[in-house]
Amino acid sequence: MQDLLLGERQDLIRTRLDLSGRVIAAELAQELGVSEDTIRRDLREMAASGLCRRVYGGALRVSHAAARTMNERMAVGGERKAALARAAAALIPAGATVFLDAGSTNLALARALPAGSDLTVITNAPAIAAALLERDITTIQLGGLIDPDVGGAIGAKAMRDAEAFRPDILVLGVCGIDVEAGVTAYTFEDAEFKRFLASRTKTVLVAITNDKLSTAAPYSVVPLSRVARAVIEADADETEAAALTAAGIETLRAG
């Protein structure tokens, strides 16, 4: 292992990231018989190429949520997202004011809310607004230019509109979530918009597909301490689920 070349070391690191979602620099250095400085240099180069996200002591697997547009994401994992949506819908009490952030899983949640629910739902996503209206749910849509990748308005107009609301629950769209990195997003503007929403709500809820656990997108949204509840898939990794619970998040597996 000591004789691995640079490319071979980085290939091994990528394999470890794919398997476990994270690597620890000190552990890799000991295993490969090289200095921690060498491993940190590898991780810096890989991060610069978008192959990982550096954090204190190591690196995280990068979320690939931004590799697809909103329309493309809506066509992926429909049954899994529907199961998450049903579990998340059960956590929303009657009479609540809810903000549904743009996202394909949140679109599934809009479709899972009981028709005629005594809810007021605010969203920045036209697809979510349309789904809510079909279910006869009181709907408020924020305005502004729609970002085609995010699937919702996230610019200055949407921020100004959001200032009028203090929802009981924010169902936050997640690009990546990790104990150290917290909730992350793929663009600066989306992260800024999500962070503003979180600052104005009582409770933050997230519904997370397996591919986003222990991953990080480039921009921070909120630390895990700001998340009250998380709905994860029925077959989510036990270690990753335990990490959310240890962070103080009430974690529920979808049926």
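Predicted model: local features only at pLDDT ≥ 70, side-chain atom pairs only at ≥ 80, totals over all residues.

Visitor: Why is Ala158 called buried?

Guide: Buried means under 20% relative accessible area. Ala158 has 0%, so the term applies. Ala158 sits in helix H8, residues 156-162.

Visitor: What is Ala158 in contact with, leaving aside neighbours within four places in sequence?

Guide: Leu142, Gly143, Ala153 and Phe193. Contact means heavy atoms within 4.5 Å. Gly144 is 14 residues away along the chain, with 5.6 Å between its C-alpha atom and that of Ala158.

Visitor: Which residues of H10 are buried?

Guide: Glu240, Ala241 and Leu244, in a helix that spans residues 238-246.

Visitor: Why are the buried residues of H10 said to line one face?

Guide: Look down the axis of H10. The buried residues fall within an arc of 100°, so they line one face of the helix. The face turned away from them carries Glu238, Thr239 and Ala246, which are exposed.

Visitor: What makes Asp237 a cap of H10?

Guide: A side-chain oxygen of Asp237 lies 2.9 Å from the backbone nitrogen of Thr239, at the N-terminal end. The cut-off for a polar contact is 3.5 Å, so a pair within that distance can count. Just after H10, Gly248 has a positive phi of about 95°.

Visitor: How do H2 and H3 pack?

Guide: At an angle of about 115°, with axes 8 Å apart. The crossing is right-handed. H2 contributes Ala25, Ala26, Leu28, Ala29 and Leu32 to the contact, and H3 contributes Glu36, Ile39 and Arg40.

Visitor: How many of these contact residues are nonpolar, polar or charged?

Guide: Six are nonpolar, none polar and two charged. Glu and Arg count as charged.

Methods: Residues numbered from 1 in each chain as written. Heavy atoms only, no water. Buried < 20%, exposed > 50% of the residue type's maximum accessible area, 1.4 Å probe, protein only. Helix = DSSP H or I, 4+ residues; strand = E, 2+ residues; numbered from the N terminus. Arc of directions from axis to C-beta. Polar contact = N/O pair within 3.5 Å; in protein donor to acceptor, adjacent residues only side chain to side chain. Axes fitted to C-alpha atoms, helices over the stretch in contact; angles between N-to-C directions. Left-handed = near helix turned anticlockwise from the far one by under 90°.
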